[in-house]
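Dear colleague,

I am handing over the structure below, which you have not worked with before. After it you will find an account of what was found, arranged by topic so that you can follow along in the viewer.

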Amino acid sequence: MQTRGLRFAGFQKKARSRVSATRSDDTDVQRAVSFLRAMPDMQESVCPQIGVILGSGLGLSADRLLSSHGKMISYGDIPRMPVPHVEGHGGRLVFGEVHGRSVAMLQGRVHFYEGCTVESVTFGVRLLRCMGIQQLIITNAAGGIRDGILPGDLMLISDHLRPLAVAELRFDSIRADQPSSVGDSSRRLLWSDTLRDAAKSVRTQLRIHQGVYSMMTGPAYETAAEIRMLRYLGADAVGMSSVPEALCAASLGIAVLVVSCITNIAAGLSAELLSHHHVTTTAASIEAQFANWLWDVIAVMSAAQAVDGVAQQ
């Protein structure tokens, strides 16, 4: 019993340390926003309504926004902003307008497998929230597990399987010294039904599915045994990102829409040897169609805002 008490005391101490680190990191986020707003040519741009995180090979949307009188700054020029080092993640923050809506796009993300902490992985989400976004579109590249979900398709995420090897998905709004669950308000914002319905209403030649996403931490692709397990548990697609960002966003009062670009059939379900180059190549092959679809989704998100009751500034 004494050993158990010492272990729990140690856990509490580590939990308090994590919360303190998160609060310190939030100060870094506020400083980053102040830096952006102090830039002479950025002052009017740093008040976005909608945020977008672009995953592997999907950066064309940010290039398109930039070419439409947008403004850009590299992550490396923003104080404390984590910089991605993976192919297909440009590492640029782009501001602009889409159908009259003020939008901020993160062209690329950092991952746990790059050695990043949860604070680093969610830095971009907290930066966008501090700038004022109320709705967030998160994109990723994923492997298809369910029969009929094929490379080049999109899947709107309706639920997730808890990351199997991620123990530190804790945020300042959730007590770190006891188990907790997603509250009713956050649950409504996480994998927002309203935003998914809005996205499904958009006409496109791309095939759109809906399903459960499982996050694995990478960097190695899943084994055939892991895919069989995930399939048995109900996963429709698998990737290495998005869940921490979505959980963080919902906890901050942001309505979340997450879409996976299916770039390959998951390991063990085909004879194809997977590589990151193959993933980015497949994503790039539908980038133009995806950008058109994304623009139209942003256009229909205005009506969805009032229904979800997202946090107001």
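**Cysteines**

Cys 248 is buried, its relative accessible area being 2%, whereas Cys 130 is partly exposed, with a value of 28%. The structure holds zero disulfides. Please keep in mind while reading that this is a predicted model.

**The nonpolar cores**

The largest nonpolar core has 78 residues, and those with the most contacts inside it are Leu 93 and Trp 293. If neighbours within four places in sequence are left aside, Trp 293 is in contact with Leu 154, Leu 156, Ala 199, Val 202, Thr 204, Leu 206, Ile 208 and Val 259.

Helix H2 covers residues 60-67, and its buried residues are Ser 61, Ala 62 and Leu 65. Because these buried residues fall within an arc of 100° when H2 is seen down its axis, they line one face of the helix. Just after H2 comes His 69, which takes a positive phi of about 65°.

In helix H6, which runs over residues 193-200, the buried residues include Thr 194, Leu 195, Arg 196, Ala 198 and Ala 199. The N-terminal end of H6 is capped by Ser 192, a side-chain oxygen of which lies 3.3 Å from the backbone nitrogen of Thr 194.

Helix H10 spans residues 287-308 and contains Asp 296. With a relative accessible area of 34%, Asp 296 is partly exposed, and, not counting residues up to four places away in sequence, Asp 296 touches His 99 and Val 202. Although Asp 296 and Arg 203 are 93 residues apart along the chain, their C-alpha atoms are separated by 8.5 Å.

**Ser 260 and its surroundings**

Which residues does Ser 260 touch, not counting residues up to four places away in sequence? They are Asn 140, Ala 142, Asp 153, Leu 154, Met 155, Ile 157 and Tyr 213. Ser 260 itself lies in strand E9, residues 255-265, and counts as buried because its relative accessibility is 0%, where buried means under 20%. With one of the residues touched, Asn 140, Ser 260 also has a polar contact of 2.7 Å between the side chains.

**Salt bridges**

Side chains of opposite charge can pair when their charged atoms come close. In this model the count comes to 10 salt bridges, and several of them are described here.

Asp 153, which is among the residues touched by Ser 260, meets Arg 207 in a salt bridge between their side chains, at 2.8 Å from N to O. Since Asp 153 lies in the loop between E5 and E6, and Arg 207 in the loop between H6 and strand E7 (208-215), the pair ties together parts that are 54 residues apart in sequence. Asp 153 is buried, with a relative accessible area of 5%, while Arg 207 is partly exposed, at 40%.

The side chains of Arg 146 and Asp 236 also meet in a salt bridge, at 3.5 Å from N to O. This pair links distant parts of the chain, 90 residues apart: Arg 146 is in the loop between strand E5 (135-144) and strand E6 (154-161), and Asp 236 is in the loop between helix H7 (224-233) and strand E8 (237-239). Here Arg 146 is partly exposed, with a relative accessible area of 31%, and Asp 236 is buried, with a relative accessible area of 11%.

Asp 28 and Arg 31 form a salt bridge as well, their side chains meeting at 4.0 Å from N to O. Both lie in helix H1, residues 2-38, where they are three residues apart, about one turn of the helix. Asp 28 is buried, with a relative accessible area of 11%, but Arg 31 counts as exposed at 55% relative accessibility. Through salt bridges that share partners, Asp 28, Arg 31 and Arg 80 are joined into one network.

With kind regards

How values were computed:
Residues are numbered from 1 along each chain as its sequence is written. This is a predicted model: local features need pLDDT of at least 70, side-chain atom pairs count only at pLDDT 80 or more; totals for chains, interfaces and linings use all residues. Side-chain values use heavy atoms; hydrogens and water are left out. A nonpolar core is a set of buried Ala, Val, Leu, Ile, Met, Phe, Trp, Tyr and Cys residues joined through side-chain atoms within 4.5 Å. Buried means under 20% relative accessible area, exposed over 50%, partly exposed in between (1.4 Å probe, protein chains only). Contact means heavy atoms within 4.5 Å. Helices (H or I, at least four residues) and strands (E, at least two) are DSSP runs, numbered from the N terminus. A polar contact is a pair of N or O atoms within 3.5 Å; within protein, one must be able to donate a hydrogen and the other to accept it, and residues adjacent in sequence count only if both atoms are side-chain atoms. The arc is that of the directions from the helix axis to the C-beta atoms. A disulfide is a pair of cysteine sulfur atoms within 2.5 Å.
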